[in-house]
Amino acid sequence: MSENALRTRLRLPQLDATNGVWPALAVALIIGGTLVALDGGSLFSESSMISLLQRAAGLGIVAVGQTIAILAGSLDLSVAYVISLTSLVAAETMAGSDGMVLPAILAVLAVSAAIGLLNGLLITKVRINAFIATLGVGLLIKGYLEQGYAGPAGSVPTSFQHLGYDRVGPIPLSFLLFAAVAAAVWFTLRSTRYGHHLIATGGDLDVARLSGVRTDLVLIRTHVICSLCAGIAGLYLASRLGAGAPRVGAEGGYDLESIAAVVLGGTVLAGGRGGVTGTVGGVLLLAVIDGVFNQLEVDSFFKQMVRGVVIVAAVAVYALRLRRTSDRRKAAVA
Amino acid sequence: MSTQLATPTGSAPAVPSGLGGGGRSGWGAGSIRPVLIILVLLLIAVGIRQPDFYDPPVLLAFLKRAAPLIILAAGQYFVIVAGDFDLSVGSLVTAEVVIAARLIDGDPAATWPVIVLLLGFGLLIGLVNGLVTTLLQVPSFITTLGMYLVLVGAVYTWTGGSPRGALSEEFRQFGRRGIDGVPVLGQLPYAVLVLAGVAVLAVLAMRSDFGKVLLAVGDNPRAARVTGARTARVRTIAFLASGLAAAVAAILLGGFGGVSFQVGQGLEFTAITAVVLGGVVLGGGRGSVAGAMLGALTLQTLLTLLNLLGVSGALSSAVQGLIILAAVAVGTLRRRT
């Protein structure tokens with residue numbers, strides 16, 4: 001084996017391309033920090049860091065769930081409506097009473113798990129394309145929300161608002177929740193049989209099935225977990241807003257934004273390659289861009305344009321690197 | 001790399017689709033028979049509820065309302081059948097209408113130059129989508145999602161948050177008016193004429209060499225490339241078609257209603273739904289453009305029926321979701337047997 005081939009083999013983990021988001025995040029922090037400093041503000045002041053982390057938390061929890069759906073070769077377009085629905089379930093069950101916090105949390109988890117189960121069954125048993133299945137389920141929830149609610153409903157007791165506003169030292173509680181969800185899913189992917197089966201299913205469904213992986217079960221579980229993550233985000237938003245909001249998910253664009261964060265983190269849209277750590281980086285990168293533009297008081301619409309360009313550019317760079325690596329491998333084999 | 005949002009069907013497409021139309025007959029994937037049956041049932045239901053629906057003027061008015069969605073579905077079909085997505089069409093429609101209002105600003109003389117500009121802008125966006133997807137190898141889902149963010153942001157930035165200007169009456173006539181005094185029909189709306197033109201062009205395109213290569217690319221990109229097909233070129237042309245279709249749909253929609261940021265909202269998902277309803281398979285290679293357009297017509301008929309039945313606008317999205325799931329489920333279940 002030539003030295004070249006050996007090096008290529010040692011570099012194989014780079015195929016995941018999840019590492020690329022961290023340098024990008026560093027660059028964004030340096031450039032953004034400098035720009036904000038020139039403008040007379042500070043990106044690294046405590047208040048701006050806190051709002052940055054808080055912004056990251058909501059999207060982050062959804063994006064972690066979306067990561068495993070995409071890793072499994074699927075995707076979930078219903079998350080935005082699940083968030084709205086569960087924020088209402090939480091606030092209406094609690095109805096301002098401290099004693100109902102735990103039942104409300106359980107109700108939210110049950111509702112979101114049921115929606116995930118429905119998504120999973122439609123995709124595996126009825127064999128509807130994930131795009132259409134989750135879009136259809138999303139429309140169903142949207143219709144229910146629009147029919148039943150004109151505006152915010154329910155109310156959250158002060159004890160539950162701690163989740164949205166409290167801090168542990170400089171770090172918001174909500175960000176710790178995001179970190180905990182991300183760590184749990186990271187561990188599951190890395191160290192459990194289900195996690196390995198999930199990667200195999202996303203890599204090649206037929207090969208996984210022929211190797212004895214019960215791919216239907218894996219996909220159903222994945223969609224349940226993805227919906228649970230959206231439900232947790234719904235809980236967080238309910239605590240933050242103090243009430244349930246029927247349009248909070250759709251207006252926040254959580255469906256497409258979460259997919260964007262996942263892809264920005266280097267997870268391949270076709271499935272099978274990527275991971276949660278990359279998604280965390282992707283979410284932070286989006287939050288930093290957000291924070292910088294807020295500090296500079298740039299038009300929020302311009303921010304969206306920059307976001308669009310950053311996402312496409314990042315994926316283009318990943319695609320380029322992937323191609324180079326595979327070219328090198330081919331050259332090494334030859 | 002096309003985005004394969006894996007439908008976990010265990011059975012890989014074993015039967016190769018006929019090159020010409022992607023399996024026009026039978027129940028298989030890409031067949032238009034299921035959508036035809038649903039459409040006929042819906043049309044019967046509409047006819048029972050509104051007996052004068054089949055009077056030529058009423059029917060033409062219905063077709064006029066359906067025209068923009070059908071045109072968008074035809075454009076989206078080209079992209080989907082090649083294995084791609086175009087999520088930017090909704091925001092492109094909004095951008096086109098807002099640009100038209102601002103540039104025309106009530107001046108009739110500006111109408112034609114602006115229409116040419118709009119068509120050019122649609123093509124330009126399609127070209128960028130196509131080149132980024134094929135040359136930079138970014139999955140089209142991401143390319144067009146990015147384009148969606150850019151267009152929405154750009155439109156808001158350019159107008160400062162609320163649309164300005166006004167469309168001229170000459171511009172609006174394409175969506176509103178028609179050729180008067182036609183025997184039997186009364187008025188023949190321009191929108192229906194445009195729709196007919198688009199339909200003929202789309203079917204002819206799919207029967208040409210371009211259409212055959214496009215289907216082959218969607219069916220098996222690697223095989224198509226190996227046999228010498230210029231896959232990047234046909235995929236880019238598909239995006240151009242989708243951008244152009246969005247521009248045409250925007251011109252018609254501008255005539256229907258007012259100028260707002262909501263004109264195109266969600267149209268990308270509606271168009272994709274219509275295409276899938278028409279038997280076209282996400283991931284590419286199967287389905288006919290006639291099916292895609294029939295899918296859009298079916299969706300519009302469904303919305304009309306819900307409206308006639310007095311189902312409130314809010315609930316109609318739930319019913320829409322249910323029907324889509326049911327229709328696609330029936331299609332896939334039939335395919336398995």
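# Questions at the interface and inside the chains

Visitor: How many residue pairs are in polar contact across the interface of chain A and chain B, and what makes a pair count as a polar contact?

Guide: Across the interface of chain A and chain B, the rule finds two residue pairs in polar contact, both at pLDDT 80 or more. A polar contact is a pair of N or O atoms within 3.5 Å, where within protein one atom must be able to donate a hydrogen and the other to accept it, and where residues adjacent in sequence count only if both atoms are side-chain atoms. This is a predicted model, in which local features need pLDDT of at least 70 and side-chain atom pairs count only at pLDDT 80 or more, while totals for chains, interfaces and linings use all residues. Residues are numbered from 1 along each chain as its sequence is written, chains are lettered from A and ligands numbered from 1 in the order in which they are written, and side-chain values use heavy atoms, with hydrogens and water left out.

Visitor: How many salt bridges does the rule find across that interface, and which helices of chain A supply residues to it?

Guide: The rule finds zero salt bridges between chain A and chain B, a salt bridge being a side-chain nitrogen of Lys or Arg within 4 Å of a carboxyl oxygen of Asp or Glu. On the side of chain A that touches chain B, at least two residues each come from α5 (101–124), α6 (130–148), α10 (205–210), α13 (254–264) and α15 (300–333). By class, this side of chain A has 32 nonpolar, seven polar and nine charged residues. The contact (heavy atoms within 4.5 Å) takes 48 residues from chain A and 51 residues from chain B, and the buried area is about 4,300 Å², of which carbon and sulfur atoms give 74%.

Visitor: Why is A:R167 with A:E46 called a salt bridge, and what does the pair tie together?

Guide: The closest N and O atoms of A:R167 and A:E46 are 3.9 Å apart, which is within the limit, so the pair counts as a salt bridge. A:R167 lies in strand β1 (residues 167–168) of chain A and A:E46 in helix α3 of chain A, so the pair ties together parts that are 121 residues apart in sequence.

Visitor: Why is A:R167 called partly exposed, and why is A:Q54 called buried?

Guide: Buried means under 20% relative accessible area, exposed over 50%, and partly exposed in between (1.4 Å probe, protein chains only). A:R167 has 44%, so it is partly exposed, and A:E46, at 49%, is partly exposed as well. A:Q54, which sits in helix α3 (residues 46–71) of chain A, has 12%, so A:Q54 is buried. The side chain of A:Q54 also reaches the backbone oxygen of A:G164 at 3.2 Å.

Visitor: How do you know that A:R307 and A:E257 form a salt bridge, and where do the two residues lie?

Guide: Their closest N and O atoms are 2.4 Å apart, so the pair meets the rule. A:R307 is in helix α15 of chain A and A:E257 in helix α13 of chain A, 50 residues apart, and the pair thus links distant parts of the chain. A:R307, with a relative accessibility of 11%, counts as buried, and A:E257 is buried at 16%.

Visitor: Where in chain B is confidence lowest, and where is it highest?

Guide: In pLDDT, the predictor's confidence in each residue from 0 to 100, helix α13 (residues 313–336) of chain B is lowest, at a mean of 74, and helix α4 (residues 111–135) of chain B is highest, at 95. Over residues 1–25 of chain B, pLDDT stays under 50. Where pLDDT is low, the predicted coordinates should not be read in detail.

Methods:
Buried area = accessible area lost by both parts, 1.4 Å probe. Helix = DSSP H or I, 4+ residues; strand = E, 2+ residues; numbered from the N terminus. Nonpolar A, V, L, I, M, F, W, Y, C, P; charged D, E, K, R; others polar.
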